[in-house]
Amino acid sequence: MKRYVEDGAVGFHTPGHKQGKGMDAEFFDLVTPLGLKTEVSLMEELDDLHEPAMCIKEAQDLAAELYNADSSYFVINGTTGAIHAMIMAAVNPGDKIIIPRNAHRSVIGGVILSGAEPIFVLPEVDIELGIAMAVSPEQIEQAIKEHPDAKAVLVVYPTYYGVASDIEKIASIVHKNKMLLLVDEAHGPHLKFSNCLPMQAMDAGADIVAQSTHKILGAMTQCSMLHARHHRIDVQKLKTMISLVQSTSPNYLLLASLDVARRQMAVEGKALLKRAVDLSIWLRNEINKIEGLYCFGEEKLGSQGAYALDITKLTVTVKGLYMTGAEAEKILRYKYKIQVELSDLYNILFILSYADGQREAETLLMALRKLAEEVNQNSTSINTLACAIYPYKILTKQSPRQALFAVKRKMPFHESTGYICGEVITFYPPGIPLICPGEVITQELIDYCKMMQQSGLKVVGPNDASLTTIQVVAE
């Protein structure tokens, strides 16, 4: 891109702002002039993302070498696109795919696009924390026994909260049964660079892995990678599906950020991650000295669904302060200028990345101490709530694809018990669907959604985000 700018060619091509000359003045001041000049596309020297043969191919090959893959692919519409391509490459319409019920909504989207039939595995639930953990190898093995005709197994590794399953054992079970192992490793592009973190899925034998390079590493937002091993998959089909979900007008600044993120990890990754790991250990210990707060760690390992932990994820349980995670998030953001990654009913989550230092860690620690000191002891404790996790009682009447495209009608949500849901209900983040199209609405779901709304959490997915009404399949 820089060479093209330095060449001084007068461009009669996209984008329409013509290297910043026509850009809105306010946005021009926000983005550097050089950045806008390099925002070009489809020049001969810039290669073609859909059929790379030069610089993009070289960059992807270097990524594959770094992550121990047979091939790697740059994705510039988020890990959502990578997951969609991964699923469509692995299963055909009507095929069964085994997935955890706490998978991200993008997994459900991939199932809908592929036309596959999802076989859900319920994750282990930690009642104290109010979060779903990972699925265990035993659960995967049981699902395979019940559905030996499934074509693939997809696991989330690690979870949003950093909890990881025994991925090597799962890979062995899956491959012994002639199935593909797909891994949503959105929160694991850094695992490769520290022995103190869970093993990366590629090294454990996964067939296709989707990573959010932007979530934890240095790529720009919506930049991800898809890594593959070739001996069990149809490589050409994978390339076709990646091309199907990618823009034909990729932003080369995004592509460049993927390459420099890869280079940074190749050169400095181990040192950078050591600093993040050491800092997270110190910070977790200090947080656990604060009365009313709890940041879980390795003491949770060894139970079903908790084999390993990404310790750079700091999940702080605030129910001991007699407040919800959403309340704590607002106080931290507007009073102490700390922005959390997510909040749920019981917890707030902080991501400590390689970019953080001692100053940032001490700033966070000071804010948490002040939060605990100023808590209103007269508040009603949320410990009176039965459980922060929706009790998944899944009754599926139609496939997600069938229900999504079915004729639907709108009705009051509080009257919808027993009807087939025609849309997705998710609280975001973390973006895990509480109900998918084709599943039967229960009173437990309705009550749980009301509780979550009252706690200040945001609904994403349904047409009516207030959940006053819901779309159901017109039977």
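Hi everyone, let me start with the cysteines: this structure holds 0 disulfides, a disulfide being a pair of cysteine sulfur atoms within 2.5 Å. Cys 196 is in no disulfide, and the nearest cysteine sulfur, from Cys 295, lies 16 Å away. Cys 449 is in no disulfide either; there the nearest cysteine sulfur belongs to Cys 421, at 9.3 Å. Cys 449 is also buried, with a relative accessible area of 0%. Buried means under 20% relative accessible area, exposed means over 50%, and partly exposed is in between, using a 1.4 Å probe and protein chains only.

A quick word on what we are looking at. This is a predicted model, where local features need pLDDT of at least 70 and side-chain atom pairs count only at pLDDT 80 or more, while totals for chains, interfaces and linings use all residues. Residues are numbered from 1 along each chain as its sequence is written, and side-chain values use heavy atoms, leaving out hydrogens and water.

Now, please find Asn 347, in strand 15, residues 347-351. Helices (H or I, at least four residues) and strands (E, at least two) are DSSP runs, numbered from the N terminus. Is Asn 347 buried or exposed? Asn 347 is buried, at 0% relative accessible area. Its side chain makes a polar contact of 2.7 Å with that of Thr 317. By polar contact I mean a pair of N or O atoms within 3.5 Å; within protein, one must be able to donate a hydrogen and the other to accept it, and residues adjacent in sequence count only if both atoms are side-chain atoms.

Next, a pair of helices. Helix 5 (residues 78-90) and helix 11 (residues 235-245) pack at an angle of about 145°, with axes 8 Å apart. The axes are lines fitted to C-alpha atoms over the stretch in contact, and angles run from 0 to 180 degrees between N-to-C directions. Among the residues that meet are His 84 and Met 88 in helix 5, and Leu 238 and Met 241 in helix 11; contact means heavy atoms within 4.5 Å.

Let me finish with the backbone. The peptide bond from Tyr 157 to Pro 158 is cis, with omega near -15°, and Pro 158 sits in the loop between strand 6 and strand 7. Asn 68, although not a glycine, has a positive phi of about 65°. Asn 68 is in the loop between helix 4 and strand 1, and is partly exposed at 36% relative accessibility.
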